[in-house]
Amino acid sequence: MKHLFFTQKNTFLTLLILISSVFSFAQNTQEFKGKILDKDTSKPLSLADLTVNNSNISTVTNNEGEFILKVPEDLLNNSVSISYLGYKKLDVALSEFKTTNTKIYLEQAATVLAEIDLVVPKDARTLVNKTLSLKGENYFSENIFMTGFYRETIKKRNKNASLSEAVVTINKQSYTSNRNDGITLIKARKNTDYSRLDTIALKLQGGPFSSLYTDVIKYPKFIFTDDNMDDYNFSFDRSTQIDNRLVYVVNFQQNQNVLSPMYSGKLYIDATTYALTSAVYSLNVENREEASKLFVRKKPRRAKVYPTEASYRVNYKTKNGKWYFGYSNILLTFKVNWKNRLFNSRYTLQSEMAITDWNIDENLLSNEDTKRLRPTSILQDQASGFSDPNFWGEYNIIEPEKSIESAIKKISKNLKKV
């Protein structure tokens with residue numbers, strides 16, 4: 001069985017290949033900042049989607065519900081569509097946005113359980129098979145060119161050891177094609193404190209390609225294959241809504257008699273088209289030895305390395321009746337136990353990628369000088385970008401959370417001292 005991020009096409013924490021970027025980008029845009037909240041509880045809604053109507057420009061909220069959205073001047077008369085799983089879709093005119101501190105409240109979607117129960121298919125596994133078989137009808141059948149923002153953080157215990165951010169262009173291959181997606185780097189910055197990393201001890205998978213491999217529809221072989229479907233148990237959970245549409249929720253987990261590490265999680269499937277709208281899943285890491293083999297290729301003999309958590313999320317968006325990859329989040333946690341050491345080392349790698357724009361014509365996206373990435377590439381250390389408050393220019397990014405914002409400020413202060 002193949003697993004996510006475990007082939008030789010993965011990127012690693014250690015310095016394998018250095019990538020440099022050349023960049024400059026400018027157009028007239030206006031920036032809006034704000035927060036998406038639950039109407040009843042005022043709870044921040046993380047990973048809410050914001051899309052400028054009549055365009056492909058979009059962003060997502062961070063874990064604190066905050067967003068930053070940069071809109072070209074010729075689109076300022078448009079409205080923004082805001083959606084979140086289990087909530088009513090909301091359209092808000094850009095004229096109603098403040099440039100800072102805009103607060104938008106979403107209302108939970110009421111669901112009538114009796115009506116939902118009547119339309120739920122009887123067999124969850126059959127529904128999953130149907131979803132996977134309909135990728136040609138439900139997802140883009142031509143190549144599209146995407147602009148994405150990627151962020152990766154690595155922590156040793158609770159202290160930041162590395163922060164990487166990049167704007168990339170993705171050559172997203174047709175969902176009916178067997179060709180893999182490609183990535184070119186437009187702009188990036190990275191800062192790493194190597195004194196906090198046991199780089200010889202552990203190779204952690206990371207990089208923009210890992211985000212693409214969470215696309216269950218494009219790369220189903222990493223989770224579901226014809227050979228392993230019998231090893232899973234599928235069942236229905238309570239249905240929900242997204243964009244005012246009914247969504248089936250399917251739970252899946254490996255059968256108890258299966259010993260090799262497999263996945264468990266939830267699949268959110270549109271009730272009308274049977275398209276996968278999102279998926280949240282984790283790898284079973286109870287079998288430490290087997291789980292470790294899937295992640296760790298090289299380590300010192302005096303160290304034992306094993307994952308304690310491996311969680312993934314992928315969200316899809318829709319345009320003109322076709323769905324496409326929109327967002328990915330990965331969380332990997334490892335422990336390194338050293339022989340004759342009193343304390344072990346704990347590493348956490350978290351990465352996310354959000355698609356902020358796309359077009360079928362590659363020439364309509366950025367005209368920047370770019371560098372094509374290989375799946376084995378890593379971003380070069382380029383800390384100077386953290387001292388420039390306007391580093392990203394007109395590109396849309398995911399608003400930094402408070403902890404990341406604090407790390408950026410700390411890096412900037414250290415750069416000023418040099």
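I started with the aromatics: ring pairs tie Phe209, Tyr213, Tyr219 and Phe222 into a cluster. For pairing I used rings of Phe, Tyr and Trp (its six-membered ring) with centres within 6.5 Å; planes under 30 degrees apart are stacked, over 60 edge-to-face, and the rest tilted.

Ground rules before going on. This is a predicted model, where local features need pLDDT of at least 70 and side-chain atom pairs count only at pLDDT 80 or more, while totals for chains, interfaces and linings use all residues. I number residues from 1 along each chain as its sequence is written, and side-chain values use heavy atoms, with hydrogens and water left out.

Confidence next. pLDDT is the predictor's confidence in each residue, from 0 to 100; its mean for the protein chain is 85, and 85% of the residues reach 70 or more. Residues 1–26 fall below 50, yet this stretch has 101 contacts in the model beyond near neighbours in sequence (contact means heavy atoms within 4.5 Å). Residues 200–204 also stay under 50, with 26 contacts beyond four places in sequence.

Back to the rings. My search of the whole structure gave 24 aromatic pairs. I looked at phenylalanine 236 and tyrosine 248: their ring centres are 6.4 Å apart and the planes sit at 70°, so this pair is edge-to-face. It links distant parts of the chain, with phenylalanine 236 in β11 (232–236) and tyrosine 248 in β13 (245–254), 12 residues apart. Helices (H or I, at least four residues) and strands (E, at least two) are DSSP runs, numbered from the N terminus. Which partner is buried? Tyrosine 248 is, at 4% relative accessibility, whereas phenylalanine 236 is partly exposed at 25%. My cut-offs: buried is under 20% relative accessible area, exposed over 50%, partly exposed in between (1.4 Å probe, protein chains only).

Then the sheet. I found an open sheet of three strands, ordered β4-β1-β7, with mixed pairing (two strands pair if DSSP finds at least two bridges between them). β1 (residues 29–38) runs antiparallel to β4, joined by seven bridges. Across that pairing, lysine 33 stands opposite isoleucine 68 in β4.

Last stop, serine 195. I located serine 195 in the loop between β10 (182–192) and α4 (208–212). At 64% relative accessibility, serine 195 is exposed. Its C-alpha is 8.3 Å from that of alanine 161, 34 residues away in sequence.
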